[in-house]
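Me: I would like to go through the terms used for this model one by one, and to see how each value stands against its cut-off.

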Amino acid sequence: MVRFDARMRALTWLLVLGVGFVSGGATCARRDTTFQLPPPPPVLPQTPTLDQVVAAVNRTSSIGELSTNTASVDVLTMPALPKLSATINLRKERDFRLKASLPVVMGSGLDMGSNNSLFWFEVPEGMSRTLYFARHDQYRRQLDRAVLPVDPTWVSDALGLVQIDPSQVVAGPVLRPDGKLAIRSALPLPAGTFQRVCYIDRAAGHVTDQLLYAPTGGPPIAESHASNHQFYVDHNCSLPHTVQLSLRPPAGEPLEMVIDVGVYAVNQILSGDPNLFVMPQGASQSIDLTTLSPAAAGLVAPTSYQLPTKYQSESVGPMPYRGLVR
């Protein structure tokens, strides 16, 4: 049996950085200023219908692949943790790979991914690595009691590829006091009917915020807040280059992070690896997430991070935003 303390340390990485799979919350003054892109052009009339809003949001259906090697991950709930340099590759519907590295510790890399059958999360554990995984169908059946209370395939939604099914809409569009439009959808899953609320830019027609509610109600269990959208003329849609994410586990402190993207390759994968969306096999330990109790998440909600003694602050900086047209 895997030692309990080793499992807890690995789950800390899982909960802090694996939240990138969900669709945040608090602000943090230590973040570097991201290059601000010009606003996308307006596409919606003054008082749009549901069909018009859905059509505007669903323009991202023209994007089947996204790839970047100019991303960074900033964990807001661990302010002493340096930014992680990251690469992201995704292909609809479920192919996803994020590799992030901690620049101050060799061998500290994070590897999480997904394919049509399963998803995984590989983290360092001492001199070895631990792999957490689960089959999509099995995990969906226990979302109401899983370690991560969300479907991890929603990463594409958080990165701007959310689609709205008009047959699932139960309310909206409603004009909010902040000027955004709100649409509420019911999402039937094996674990119950979840509800997702999308806030949409009233003019540009892209999703800026998503809130996910459990079947039992209460506050949102997950949120995404997207900003700094870039309009891609060839695809007639916008994608956010800053995404703030928040996960609220059943117990413990909220976990929040920000993903910044410099440049996207659209409908192109920036990797020649034939096994890009294949689960790695070299970990010394492999643990099925469906076998873990939800209580494990609350025990390891991290609130601090101790920098290694050899850390040099000048070695960490913002990701270069190569290729941006200024």
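Reply: Phe119 is buried, and Tyr139 is buried as well, where buried means under 20% relative accessible area, exposed over 50% and partly exposed in between, with a 1.4 Å probe and protein chains only. This is a predicted model, in which local features need pLDDT of at least 70 and side-chain atom pairs count only at pLDDT 80 or more, while totals for chains, interfaces and linings use all residues. Residues are numbered from 1 along each chain as its sequence is written, and side-chain values use heavy atoms, with hydrogens and water left out.

Me: Why is the pair of Phe119 and Tyr139 called edge-to-face?

Reply: Rings of Phe, Tyr and Trp (its six-membered ring) pair if their centres lie within 6.5 Å, and planes under 30 degrees apart count as stacked, over 60 as edge-to-face and the rest as tilted. By this rule the count comes to one aromatic pair. The ring centres of Phe119 and Tyr139 are 5.1 Å apart and their planes stand at 80 degrees, so the pair is edge-to-face. Phe119 belongs to strand β5 (residues 118-125) and Tyr139 to helix α3 (residues 136-140), so the pair ties together parts that are 20 residues apart in sequence. Helices (H or I, at least four residues) and strands (E, at least two) are DSSP runs, numbered from the N terminus.

Me: What makes the charged end of Arg176 count as sitting over the ring of Tyr199?

Reply: The rule asks that NZ of Lys or CZ of Arg be within 6 Å of the ring centre and within 35 degrees of the ring normal. The charged end of Arg176 is 3.8 Å from the centre of the Tyr199 ring and sits over it. Arg184 likewise lies over the face of Tyr213, at 5.4 Å from the ring centre.

Me: How do you know that β8 and β9 pair?

Reply: Two strands pair if DSSP finds at least two bridges between them, and β8 and β9 have nine, in the antiparallel sense. Within this pairing Ala182 stands opposite Tyr199, and Arg184 opposite Val197. The hairpin of β8 and β9 has two residues between the strands. β7 and β8 also pair in the antiparallel sense, over four bridges, while six bridges join β9 to β10, which run antiparallel.

Me: Why are the buried residues of α2 said to line one face of the helix?

Reply: In helix α2 (residues 50-57), Val53, Val54, Ala56 and Val57 are buried. Seen down the axis of α2, its buried residues fall within an arc of 160 degrees, so they line one face; the arc is that of the directions from the helix axis to the C-beta atoms. What covers these residues includes β7 (169-175), β8 (181-189), β9 (192-200) and β10 (207-213). β8 is itself mostly covered, with seven of its nine residues buried.

Me: What makes a set of residues a nonpolar core?

Reply: Such a core is a set of buried Ala, Val, Leu, Ile, Met, Phe, Trp, Tyr and Cys residues joined through side-chain atoms within 4.5 Å. The largest has 37 residues, and those with the most contacts inside it are Leu66, Leu239 and Tyr264. A second, separate core of 13 residues includes Val53, Ala56, Ile183 and Val207.

How values were computed:
Contact means heavy atoms within 4.5 Å.
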